[in-house]
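Student: I am new to this structure and would like to be guided through its salt bridges and helix contacts. May we begin once the model is shown?

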Amino acid sequence: MFKRNRSVKILATLGPSSSDVETIKSLHLAGADVFRINMSHGDPDKMRALMEKIRTVESDVGRPIGILVDIQGPKLRVGMFADDAVMLENGATFRLDTKDEPGTVERVRLPHPEIFEGMDVGHTLILDDGKLRLECIGSDQKSYIDTKVIVGGKLSSRKGVSLPDTTISGGALTEKDRRDLNAALEAEADWIALSFIQRPEDVAEVRKIARGRSGILSKIEKPQAVEKIEEIIELSDAIMVARGDLGVEMPLASLPGTQKRITRAARKAGKPVVVATQMLESMISSPVPTRAEVSDVATAVYEGADAIMLSAESAAGDYPHEAVSTMNTIAVETENDPLYRSIIDAQRTEPEATGADAISAAARQIAETLHLSALVCYTSSGATGMRAARERPQTPIIAITPRVRTARRLALIWGLHPVATDDATDIDDMVERACGQAMHHGFASPGNRIIITAGVPFGTPGATNLLRIAFVREEHSQQRRN
């Protein structure tokens, strides 16, 4: 059995460069803890095929692997141009309307009536991933938007539209999203990622559909979501700082500060947070990253992010294995830096006034004071494991759960080494299982001590009320390792 030599997790996107079993296994062994399936480039059949391959790898390596299915969300695009593209000059006027006609240098169709309803004078429209910028100078909120070209350039058919100032009516799910979401839930995806959410209600809508079958991860990629971040975090099971689209819709210079605020808000709330997009972008076509990319990955690790993500680097790049391996190396080196612990400890928040939180905080303090080899937490739903991770202890955390799906979901969480095994039957059994698993997975040796948290009666979710220090003995290596 192998264990990671780091606490932060790595989330790798699968795609054309990484869609076979051998490559997926290679990426997992190189450091990928969770795999992302991007539904912007797939359908339910492709998703199910990839999930089956991931589960094959999981069975082969004997470790729980998390799967995140990323729902596409509403993609806003302009219509078609008569000559496929036009050149918009700075200062020119340009109309977006509902006419089903080929576009010209003066106008183009915008097939999204919900945009017209929310548009006001002064609102900004960003086209083609930030290359062009328009400003609304008039609108009837039904059939047209008149704009002034602030930053011009070539605009081609079907290019994307971003609206940093406009809140669009309706939910965050398209018909395709609903089909993909239901397929992902039926296939038992561990996490569902929601794209382009604007308001807490967007998350609540998906929670009603999911009914607890998968964890809900909200991608923060719109300024409107940043404004409602506290409410969105409360309704979400996890958060992603999706810097690609977020960087298009807000000034780039403000993006690093926004990333830190979102990360710290999620950590304060005890919710997992993922930092994503362009982390090792140059490795799409190069076997080594730039110095700036190395620093970017390290910054997310220093901030205590639960996971860092690779997108095109592992999905469509020429060096998917090297990208994962490089990210793993950066993370390990960063966590070994003498400054790392002081930065992490300075961000620790006070535990909530619950017995489970108090025990998790006490377990962390005792483990560090006594230099214990491992902190073993029994967790059924995963909540106790996440509480332990929220403390960001120096001591490795083993999360023991009787539910395979819980173990897979916890693969995303900082510092957790999830293990799926039978639940304990009594306190003696609890100690023997904990010591056996600590030895089996390489966290402890005979003569070491570990600390255990659990809930009595056993098998009761959310009832963490027990803390126990135990000595690891040689005979534990043969007891209940499975």
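Tutor: A residue counts as buried when its relative accessible area is under 20%, and as exposed when that area is over 50%. Please keep in mind that this is a predicted model.

Student: Is Arg 433 buried or exposed?

Tutor: The relative accessibility of Arg 433 is 10%. The cut-off for a buried residue is under 20%. Arg 433 therefore counts as buried.

Student: With which residue does Arg 433 form a salt bridge?

Tutor: Side chains of opposite charge can pair when their charged atoms come close. The closest N and O atoms of this pair are 3.1 Å apart. Both residues lie in helix H17, four residues apart, about one turn of the helix. The partner of Arg 433 is Asp 429.

Student: What is the relative accessible area of Asp 429?

Tutor: Asp 429 belongs to helix H17, which spans residues 427-440. This residue is classed as buried, and its relative accessible area is 4%.

Student: How many salt bridges does a search of the whole structure find?

Tutor: One of the groups is a network of salt bridges that links Arg 341, Asp 345, Arg 348, Arg 364, Glu 368 and Glu 391. For the whole structure, the search gives a total of 33 salt bridges.

Student: How many residues apart in sequence are the parts that Glu 303 and Arg 264 tie together?

Tutor: Glu 303 forms a salt bridge with Arg 264, with 3.1 Å between the closest N and O atoms. Glu 303 lies in the loop between helix H10 and strand E16, whereas Arg 264 lies in helix H9, so the parts that the pair ties together are 39 residues apart.

Student: Which residue forms a salt bridge with Arg 392?

Tutor: Arg 392 follows helix H15 and has a positive phi, near 50°. In its salt bridge, the closest N and O atoms are 3.1 Å apart. The pair links distant parts of the chain, 86 residues apart, with the partner in the loop between H10 and E16. Like Arg 392, this partner is buried, and its name is Asp 306.

Student: Are H4 and H5 parallel or oblique to each other?

Tutor: Two packed helices are described by the angle between their axes and the distance between the axes. The axes of H4 and H5 come within 11 Å and cross at roughly 45°. The crossing is right-handed. By their angle, H4 and H5 are therefore oblique.

Student: How many nonpolar residues does the contact of H4 with H5 have?

Tutor: In this contact, Arg 178, Leu 181, Asn 182 and Leu 185 of H4 meet Glu 205, Val 206, Ile 209 and Ala 210 of H5. By class, one residue is polar and two are charged, while the number of nonpolar residues is five.

Student: How many nonpolar residues are in the contact of H10 with H12?

Tutor: H10 and H12 pack at an angle of about 50°, and their axes are 9 Å apart. Val 294, Val 297, Ala 298, Val 301 and Tyr 302 in H10 meet Met 327, Ile 330, Ala 331, Thr 334 and Glu 335 in H12. These divide into one polar, one charged and, as the nonpolar count, eight.

Methods. Residues numbered from 1 in each chain as written. Predicted model: local features only at pLDDT ≥ 70, side-chain atom pairs only at ≥ 80, totals over all residues. Heavy atoms only, no water. Helix = DSSP H or I, 4+ residues; strand = E, 2+ residues; numbered from the N terminus. Salt bridge = Lys/Arg side-chain N within 4 Å of Asp/Glu carboxyl O. Buried < 20%, exposed > 50% of the residue type's maximum accessible area, 1.4 Å probe, protein only. Axes fitted to C-alpha atoms, helices over the stretch in contact; angles between N-to-C directions. Parallel < 35°, antiparallel > 145°, perpendicular 65-115°, else oblique. Left-handed = near helix turned anticlockwise from the far one by under 90°. Contact = heavy atoms within 4.5 Å. Nonpolar A, V, L, I, M, F, W, Y, C, P; charged D, E, K, R; others polar.
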